[in-house]
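Here are my notes on this model, point by point.

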Amino acid sequence: MLFVDHEGINDPRINLAIEEYVLKNLEIDDDTSYLLFYINKPSIIIGKNQNTIEEINTDYVEDNGIHVVRRLSGGGAVYHDLGNLNFSFLTKDDGNSFNDFAKFTKPVTDALQKLGVKAELSGRNDIQLEDGRKISGNAQFSTKGRMFSHGTLMFDSEIENVVSALRVKSEKIRSKGIKSIRSRVANISEYLTEELSMEEFKAMILRYIFDVENVEDVPQYKLTEEDWKNIYALSEERYQQWDWNYGKSPASNIQHSHRFDGGTVDVRLDVKKGMIENAKIYGDFFGVGDVSEIENRLIGTRYERSAIDEAIQDLDISHYLGRISKEDFLSLIY
């Protein structure tokens, strides 16, 4: 495994472009994988399938100059700032690793244990402390035999800004049995026996993951001038575009939402004279496939259960929506 340094860049539109570029362009095989660290200025990173406007407190975001950027992976919206260390493991997709969060979080939790922080994977994709408070959320993306599994590490984040910047749906709060975000998230710095700066924390985690004495001994891939040229072009083409980060929400007159074990699925349909003219699927689920393939099947279909069933009969719904069955999906729509 090789470490890729983001070289002090704190712009999420660049850092997410680095991640995508490494995944799709550098050599990745059985013997070559990468670890990327990055730290972003205040920003909200939106899951690939989420409706941005409904996930953020727009007034707070605009008043405080917070970047809003959509990522490639599924899952929910997260708040980043300079007190948050993000990690990303980029590797070959062996067909068994997608949704196996334990595989990728274990090196991180092992490193935290060495710092005296008792952390472990909990639930679907969180790293929690022994008192049940969350310090990390994780998500994954897979394409063409390659994948990344990335996550946050709240080291010394402004938690009150997390509360103010994000809108949390009431059903999600109810499902977790909590009264507020503030009561269930924590900073790692609160649990350390000695005071560390972010740079010191980052260096120690890096050393523990690679099992070396000095940071200088960590094997590294140095991004070339050509790499950087392509990264900045990708950032401009995708991560700096309003259409990617926000996107247009089509008209809909039918909306059905439910929180399954595999995440929330929110289906919106524009039905006229009994026919589905528009379809949009939102949610924080983890799927490999692009949900637009389901949406396109629904458009032009009569809004009745049998017709919808026939339209999607050859699709593996779990490929797109994670741990959600076709029967569950049909019951949700109709």
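1. I46 stands opposite R70 in β4. That contact belongs to the pairing of β3 with strand β4 (residues 67–70), which is parallel over four bridges; strands count as paired if DSSP finds at least two bridges between them. Helices (H or I, at least four residues) and strands (E, at least two) are DSSP runs, numbered from the N terminus.

2. Before going on, the ground rules: this is a predicted model, with local features needing pLDDT of at least 70 and side-chain atom pairs counting only at pLDDT 80 or more, while totals for chains, interfaces and linings use all residues. Residues are numbered from 1 along each chain as its sequence is written, and side-chain values use heavy atoms, with hydrogens and water left out.

3. Back to β3, which also pairs with strand β5 (residues 78–80), here in the antiparallel sense and over three bridges. In that pairing I44 faces Y79 of β5. In a regular strand the side chains alternate between the two faces of the sheet.

4. Now the seven-stranded sheet: it is open, has mixed pairing, and its order is β1-β2-β6-β10-β9-β8-β7. At the edges are β1 (2–5) and β7 (119–122), each pairing on one side only. From one strand to the next the twist averages 25°; axes are lines fitted to C-alpha atoms, for helices over the stretch in contact, and angles run from 0 to 180 degrees between N-to-C directions.

5. How many bridges join β6 to β10? Nine, and the two strands run antiparallel; L85 has L153 as its bridge partner in β10. β2 and β6 are also antiparallel, joined by five bridges, with F37 partnered by F87 in β6. Eight of the nine residues of β6 are buried, so β6 is largely enclosed by the rest of the structure. Further along, six bridges join β9 to β10, again antiparallel, and N138 stands opposite G151 in β10.

6. Two helices are worth a look against this sheet. Helix α1 (residues 12–25) packs on the sheet and touches β1, β2, β6, β9 and β10, its direction making about 150° with that of β10. α7, for its part, lies across β1, β2, β6 and β10 and runs at about 170° to β2.

7. On to the nonpolar cores, defined as sets of buried Ala, Val, Leu, Ile, Met, Phe, Trp, Tyr and Cys residues joined through side-chain atoms within 4.5 Å. The largest has 36 residues, and those touching the most other members are L35, F37, L112, I188, F201 and I209. Two or more residues come from each of β2 (34–38), β6 (84–92), α4 (101–114), β8 (126–129), β9 (134–143), β10 (146–154) and α7 (198–210). α7 gives the largest share, seven residues. Apart from this core lies another, of 26 residues, among them I18, L23, V69 and Y239.

8. Which residues does F37 contact, leaving aside its neighbours within four places in sequence? They are F3, V4, H6, L85, N86, F87, K202, I205, L206 and I209, with contact taken as heavy atoms within 4.5 Å.

9. For the aromatics, the count comes to 11 pairs. Rings of Phe, Tyr and Trp (its six-membered ring) pair if their centres lie within 6.5 Å; planes under 30 degrees apart count as stacked, over 60 as edge-to-face and the rest as tilted. F87, F89 and F104 are linked into a cluster by ring pairs.

10. There are charge-over-ring cases too, which require NZ of Lys or CZ of Arg within 6 Å of the ring centre and within 35 degrees of the ring normal. R207 lies over the face of Y208, 5.6 Å from the ring centre, and the charged end of R238 sits over the ring of Y239, at 5.9 Å from its centre.

11. Finally, the three-stranded sheet is open and antiparallel, in the order β11-β12-β13. β11 (254–260) and β13 (275–283) are the edges, each with a single partner strand, so one side of each has no neighbour in the sheet. Helix α13 (residues 326–333) packs on this sheet, touching β11, β12 and β13, with its direction at about 140° to that of β11.

Conventions: Buried means under 20% relative accessible area, exposed over 50%, partly exposed in between (1.4 Å probe, protein chains only).
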